[in-house]
Amino acid sequence: MDAQPSLLDELLRHGLLFDTGVDGLYGRAGIFEEVISGIETMVVRIGHVDRPEVIRFPPGMNRAHFEASGYLKSFPHLAGTVHCFCGDEAAHGSLLADLEKGRDWTGGQKASDIVITPAACYPLYPIVAKRGPLAAGGGLFDLSSYCFRHEPSTDPTRMQLFRMREYVRVGSPEQVVDFRSEWMERGKTLIDKLRLPYVVDVANDPFFGRGGKIIANSQRELGLKFELLIPVSSQANPTACLSFNYHQDHFGKLWGITQADGDVAHTGCVGFGLERLAIALFRHHGFDTTQWPAGVRAELGLT
Ligand code: AMP
Ligand code: ZN
């Protein structure tokens, strides 16, 4: 008997994703992008009532800010840096010779001032800190970015380059906690409208190493991260499609973000994994969007 085609095989076969030869790096078809735009429009429809400040970053961030963020302490295994050739003509000659001989040519590459953004909210905090104390109502931001995580996989929901849409709240502990509870409800409403099955559960980030296990356990015990999980690649291990994070005063202290009264600001964010949500829709409603339930098509604005 033939083995069941994998979800990735199906997405490639139906022309929704395009293989680049690297696991976790795919081209997207027009209809895949239409679904993503539809999801983003739904997210904006729900979130714009709060009048967030919209900021868009390119998928790279300041390396110095990345180094200061602590990301390398927690997730060295996921980070991606941008390296460039900065040599003279002789160095160029040896690069070409290495390339020609099939040897490693990357040794002479030097780190640039840019790293690939690991999560849409990372470039935001130093900008907010630089503005000085927050207004009494705190801050609310609407962000979106391609993000990189070095986790090559043949599971199409685990990409190396993917888009994350985020709302970020900066302010008092109460403001941030309220924001997170509100978005947990809004997130469920959104997924209900898309007629997808889900559970919401406490979660942890994939902190590196043995020490990381302790941090992950404490994150779970304190209820700092929740995820909305949808069965996509596996029934037994549903996929995190939305994340609801409370960072307490971690970023506030790190960057010196202060509330109007001078206290350290707390932060939290809600993250939408756009490719994961799109793939969940294809997995549950089929690979042909014209056959999707009319209500789901209407929600997504598919014509
Ligand atoms: P996180 O910062 O890990 O909570 O990620 C925020 C959201 O991004 C998650 O809820 C996922 O939906 C999405 N995400 C995280 N990692 C990946 C990945 N490797 N591929 C696609 N989406 C991802
Ligand atoms: Zn975030």
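Visitor: What should I know about the source and numbering first?

Guide: This is a predicted model, in which local features need pLDDT of at least 70 and side-chain atom pairs count only at pLDDT 80 or more, while totals for chains, interfaces and linings use all residues. Residues are numbered from 1 along each chain as its sequence is written, chains are lettered from A and ligands numbered from 1 in the order in which they are written, and side-chain values use heavy atoms, with hydrogens and water left out.

Visitor: Cysteines, then. How many disulfides are there in the whole structure?

Guide: Zero, from a search of the whole structure. A disulfide here is a pair of cysteine sulfur atoms within 2.5 Å.

Visitor: On to helices. How do H2 and H7 cross?

Guide: The axes of H2 (residues 30-47) and H7 (residues 173-193) come within 11 Å and cross at roughly 140°. Axes are lines fitted to C-alpha atoms, for helices over the stretch in contact, and angles run from 0 to 180 degrees between N-to-C directions. Helices (H or I, at least four residues) and strands (E, at least two) are DSSP runs numbered from the N terminus.

Visitor: What is that angle called for H2 and H7?

Guide: The two helices are therefore oblique to each other. Under 35 degrees is roughly parallel, over 145 roughly antiparallel, 65 to 115 roughly perpendicular, and the rest oblique.

Visitor: Which residues make the contact between H2 and H7?

Guide: H2 supplies Met-42, Val-43, Ile-46 and Gly-47, and H7 supplies Trp-183, Arg-186, Leu-190 and Lys-193. Contact means heavy atoms within 4.5 Å. By class, the residues where H2 meets H7 are five nonpolar, one polar and two charged. Ala, Val, Leu, Ile, Met, Phe, Trp, Tyr, Cys and Pro count as nonpolar, Asp, Glu, Lys and Arg as charged, and the others, Gly among them, as polar.

Visitor: And how do H2 and H10 cross?

Guide: Their axes come within 9 Å and cross at roughly 110°, with H10 spanning residues 274-285. H2 and H10 are therefore roughly perpendicular.

Visitor: Which residues of H2 and H10 meet?

Guide: From H2, Phe-32, Val-35, Ile-36, Ile-39 and Glu-40; from H10, Leu-274, Glu-275, Leu-277, Ala-278, Ile-279, Leu-281 and Phe-282. The contact of H2 with H10 has ten nonpolar, no polar and two charged residues.

Visitor: What about the phi of Gln-248?

Guide: Phi is near 50° there, again positive in a residue other than glycine. Gln-248 is in strand E11 (residues 239-248) and counts as partly exposed at 31% relative accessibility.

Visitor: Last topic, single residues. Where is Tyr-125?

Guide: Tyr-125 is in helix H6 (residues 124-130), and is buried with a relative accessible area of 0%. Tyr-125 and Ile-257 are 132 residues apart in sequence and 7.8 Å apart in space, C-alpha to C-alpha. Not counting residues up to four places away in sequence, Tyr-125 touches Val-168, His-247, Phe-251, Trp-255, Ile-257 and Thr-267.

Visitor: Is Glu-10 buried or exposed?

Guide: Glu-10 counts as buried, at 16% relative accessibility. Glu-10 is found in helix H1 (residues 7-13) and touches Pro-5 and Phe-287, leaving out residues up to four places away in sequence.

Note on methods: Buried < 20%, exposed > 50% of the residue type's maximum accessible area, 1.4 Å probe, protein only.
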